[in-house]
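User: Could you take a close look at one part of this structure for me, the place where the two chains meet? I'd like the criteria spelled out along the way.

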There are 2 protein chains.
Amino acid sequence: MPDAVVSPGSAEEVSEIVRFCRSEGIPIVPRGSGTNLSAGTTPTAGGVVLLFNRMNQILEIDEENLTVTVQPGVITKDLIDAVEMRGLFYPPDPSSMKISTIGGNISENSGGLRGLKYGVTKDYVLGLEAVMPDGSVIKTGGKLAKDVAGYDLTKLLTGAEGTLGVITEATLKLIPMPSSKKTMLAQFAAMDQAAEAVSAIIANRIIPATLEFMDRATIRAVEDFAKVGLPLEAEAILLIEQDGAEAAVNDEMQLMKEICEKQGAFSVELAKTAEEANNLMTARRSALSALARLKPTTILEDATVPRSKVAEMVEAITKIAVKHQVTICTFGHAGDGNLHPTCITDARITEEMHRVEAAFEEIFKEAIRLGGTITGEHGVGEMKAPYLEWKLGASGINVMKLIKQSLDPDNIMNPNKIFGKSEKKRVVVGK
Amino acid sequence: MPDAVVSPGSAEEVSEIVRFCRSEGIPIVPRGSGTNLSAGTTPTAGGVVLLFNRMNQILEIDEENLTVTVQPGVITKDLIDAVEMRGLFYPPDPSSMKISTIGGNISENSGGLRGLKYGVTKDYVLGLEAVMPDGSVIKTGGKLAKDVAGYDLTKLLTGAEGTLGVITEATLKLIPMPSSKKTMLAQFAAMDQAAEAVSAIIANRIIPATLEFMDRATIRAVEDFAKVGLPLEAEAILLIEQDGAEAAVNDEMQLMKEICEKQGAFSVELAKTAEEANNLMTARRSALSALARLKPTTILEDATVPRSKVAEMVEAITKIAVKHQVTICTFGHAGDGNLHPTCITDARITEEMHRVEAAFEEIFKEAIRLGGTITGEHGVGEMKAPYLEWKLGASGINVMKLIKQSLDPDNIMNPNKIFGKSEKKRVVVGK
């Protein structure tokens, strides 16, 4: 629990709060809707939680420059809907987009289902207004496709998880809405077939808008939750979406269908209506909620590997789960190598939690060994802080700590995040 | 002149050099081919210039993950040619690409003619190996579309102009080669018509691969230099390229043709052959070389504005040139608002140089006033350092200086760059 919760109404108010907290040595935790999955906005050092429910306006949609300027508290889905009404497209679509805020998305550099083709939040942040730990207000970037005036503070603050400053306004890039979109569901009798199909699609120089993977356990949980008619007999499915000019979309969907069939898919079907397509995507987005219903504790990770290693990683996860006798369901953004192995467990059973912990350590190690990372889109937060050095090495961590200390010498901005105590375990067991 | 020039052969050698220089307080200037236009690699504080002519290998083209891994000394065009032979596409194409190195492109975050649709170098840098000012070697990112493991050091080092570390290896993103490409030349009897056509194209939700602008003086100089048949009677031309699926390219080229005609173009013609198209693009890339032949001194800037302000900015440049009685030719990447007002002058004429200086100050001020920046793609270097605060404010500069000091406390990495002495003038007059 925080010591206080404050809802500022402007950058000036944020600046006053930051100056006060700094002079008193009080931690500040900027928080959107708290949908991050890494304990990134949990006030474990106490202090003030900053909410942005009063700073939730879309300030401008600029149709000439294809930008939108927003306050941090805008709900992601509201932003997406508002620009789509003008025929414009904001691609980053974290699964939590109905609840998450854009400020949270920026601080966590959120990904989503369309990351493979369209990139992640960072690729759409053109400019920021931020309150730095000394209370100064800076403006970075602008409505500019090119800007090399000094270090890229826009990208440094994006994904910094609130540890370097408080984002108070953002200008985001929009693109024209693709004129056509098709959705397809491919069913496989074996997980490795689905994973190989992913590699084969990319090797054929097709970059689909979405290329999602779900294993059998996830399919069953999602179907039970969302009831959209997912195939319960499949071991794995791929949910494929492509957008663009109609003729090209049709050609590529046909080619991907053939590739899936060649890799052993026993059924590949196009969604017949936009509603059916939408239901499939919504069902996929509900995967975490669906799995979370199965057991008291859900631990979802996002170990990410080069896309050519997806098959190998999926296989490794399966073996690790068997070895440690834990239940791990895997789904995720197969096209960009961003998998979400999810352990459904019970934090009250101490002995099981130790096995879960051991399993995830092995998963992280395997991801790193395959050229991957410990987190693709969920952030380091506190949950992954103990493992960050595995990815970055001592030198990499040192560089990041120097930056943190230079900008926030009193460590008031979201302390305990990113830089963990090495002995810390991710899960408090036995509670 | 530097005190020494060193050509290391590996990251380990770079590390040894950096450690030695740091212990002795010797400046280090990493330098590719020196094609930057901001005195970014000029060793004005003396010291050691690091060359990368021995680290010039393409290490791997990974067709499964669509990445290329290179040493910094690879020539940009060689990289582009090597991946195009495999049907892959590396979009950043600075005009200097036949000479420039990829390490230089990364350090300067180079743009180019395809920035509007495809972004700049930064958008393609997935991972780096770099030697930091303390001699430590770090690895950032990887062959990953998603990676949020800590601060984005990849993007921080990209565009840092060698002031934070030395890049020794890079993994770059590739995309599939578009299946079709068309090129078109539109001629206008007035500059503002061309500028309005740019706005109208974007407002019609078309994002062409290239949308280049040249004024009359530039056209004449380029034609005299390149002899590709540019229209000497036009006041301004737009060079338009679109790529993608063939049907979509044809539709959009037709629509852009109509838009240009509606804005007053007196001629809009498609290039008939790939060779003709290539000649047009090559001619455009030679603009700086062509203009540089006209007078002893050429000062080229890249004030950049939101694309909706291109017409206003072009008009302002014309007025400023008249006011100060200097010759400014303007060309550039109109589609992304990145203009290159170029003054052809003579540095030996002190009085004229003061007028040139005054004119560029006004151009920078106008760019900032229109929501733009002092440099879109050429970097700050030493030339634009005096003006950086206009864009960033004192708070923004302060944040950047804190980062610089934290990573390079002895200021050995490319000193005098980005952070200028405020009283410094950009041009040494009377020499």
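Analyst: Happy to! In chain B, 78 residues are in contact with 78 residues of chain A, contact meaning heavy atoms within 4.5 Å. This is a predicted model, in which local features need pLDDT of at least 70 and side-chain atom pairs count only at pLDDT 80 or more, while totals for chains, interfaces and linings use all residues. Residues are numbered from 1 along each chain as its sequence is written, chains are lettered from A in the order in which they are written, and side-chain values use heavy atoms, with hydrogens and water left out.

The two chains bury about 6100 Å² between them, and carbon and sulfur atoms give 62% of that; buried area here is the accessible area (1.4 Å probe) that two parts lose on being put together, summed over both. On the chain B side, B:Lys146, B:Tyr151 and B:Arg205 lose the most area to chain A, together 17% of what that side buries.

Ten salt bridges are found across the interface of chain B and chain A, each a side-chain nitrogen of Lys or Arg within 4 Å of a carboxyl oxygen of Asp or Glu. In one of them, A:Lys146 pairs with B:Glu377, their closest N and O atoms being 3.0 Å apart.

What about covalent links? The count of disulfides over all chains is zero, taking a disulfide as a pair of cysteine sulfur atoms within 2.5 Å. For A:Cys343, the nearest cysteine sulfur is that of A:Cys329, 8.3 Å away.
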